[in-house]
Amino acid sequence: MQPLSRSIRCALVLVLCTSPLLAKSKEKDSKVIDSGKYGIFVSGSRVGTETFSIEQSATGSNTHCDLTIDQGGSKIEQRSDMQLAANGDILHYEWKELSPGKASSVVVPDDKFLLEHLYSGEKTKPFDRPFLMPASTVILDDFFFTHRELLAWRYIGQSCKPTDKQCNMPKTKFGGLVPHTASPITISIEYKGIEKINIKGTELSLRRFDLDVDDVIWSMWMDDNYKLLRILVPSSNTEVLRD
């Protein structure tokens, strides 16, 4: 792996100073550091939209996502809210299915483990499921592509520091959890270098990161400010593009 160029290291300083996972803001109030929409495409046809907002405060971050998928006449609506500590540990995660059914789950740290409360309906009692996983576990719920951006920020921050003259970002493994299916997963992420990518008719030089999630490859491309612009999942003919 080639070391990061000086221009990339300068961009990294900005990421580390603004990432909700890796820095502490001096401001008392929260600040939106990224927001927008992702279009979700399957076999070239748009099937859904994820709307997201990431806020940073002195104590950590809050990430809110709204998801709508309409494919083959079936509409899916989901929502997620994730609160992370400044070091990236999970404080509170909530997933909700709004359509076609009504279900939800909440993940919180419980001593040295994670505890998930699963609700099958609006008025049902929760079923509790413990996981022998630490608070540092990565949350990667299905369909919420913003969670992949948060993971990339965490990976960059663990691999590189603003004072580094060289930064190789080696392949790194994380333990993960898909809360709404209650599934532990194994994740690895690796920086692959700079590639020229054509997005919406414009050629861009973007940083590529590859995720391996239980042997399924997700390729991600980020801009100079390390904001996620594109995801490609060849195995499912899925492409995600920032609007």
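Predicted model: local features only at pLDDT ≥ 70, side-chain atom pairs only at ≥ 80, totals over all residues.
View 1. The charged end of Arg148 sits over the ring of Trp218, at 4.4 Å from the ring centre.

**View 2. The aromatic pair of Tyr38 and Phe52.** A pair of aromatic rings is described by the distance of the centres and the angle of the planes.

**View 3. An aromatic cluster of Tyr155, Tyr191, Phe209 and Tyr226.** These four residues form one aromatic cluster, and the structure as a whole holds five aromatic pairs.

**View 4. The salt bridge between Asp34 and Arg242.** The side chains of Asp34 and Arg242 meet in a salt bridge, with 3.0 Å from N to O. Asp34 lies in strand 1 and Arg242 in strand 15 (residues 238–242), so the pair ties together parts of the chain that are 208 residues apart in sequence. Asp34 is buried, with a relative accessible area of 2%, and Arg242 is also buried, with a relative accessible area of 16%. Together with Glu149 and Lys227, Asp34 and Arg242 are linked in a network of salt bridges.

**View 5. The salt bridge between Lys96 and Glu94.** The closest N and O atoms of Lys96 and Glu94 are 3.7 Å apart. Lys96 is partly exposed, at 34% relative accessible area, and Glu94 is partly exposed at 23%.

How values were computed:
Residues numbered from 1 in each chain as written. Heavy atoms only, no water. Phe/Tyr/Trp six-rings, centres within 6.5 Å; stacked < 30°, edge-to-face > 60°. Lys NZ or Arg CZ within 6 Å of the ring centre and 35° of its normal. Salt bridge = Lys/Arg side-chain N within 4 Å of Asp/Glu carboxyl O. Helix = DSSP H or I, 4+ residues; strand = E, 2+ residues; numbered from the N terminus. Buried < 20%, exposed > 50% of the residue type's maximum accessible area, 1.4 Å probe, protein only.
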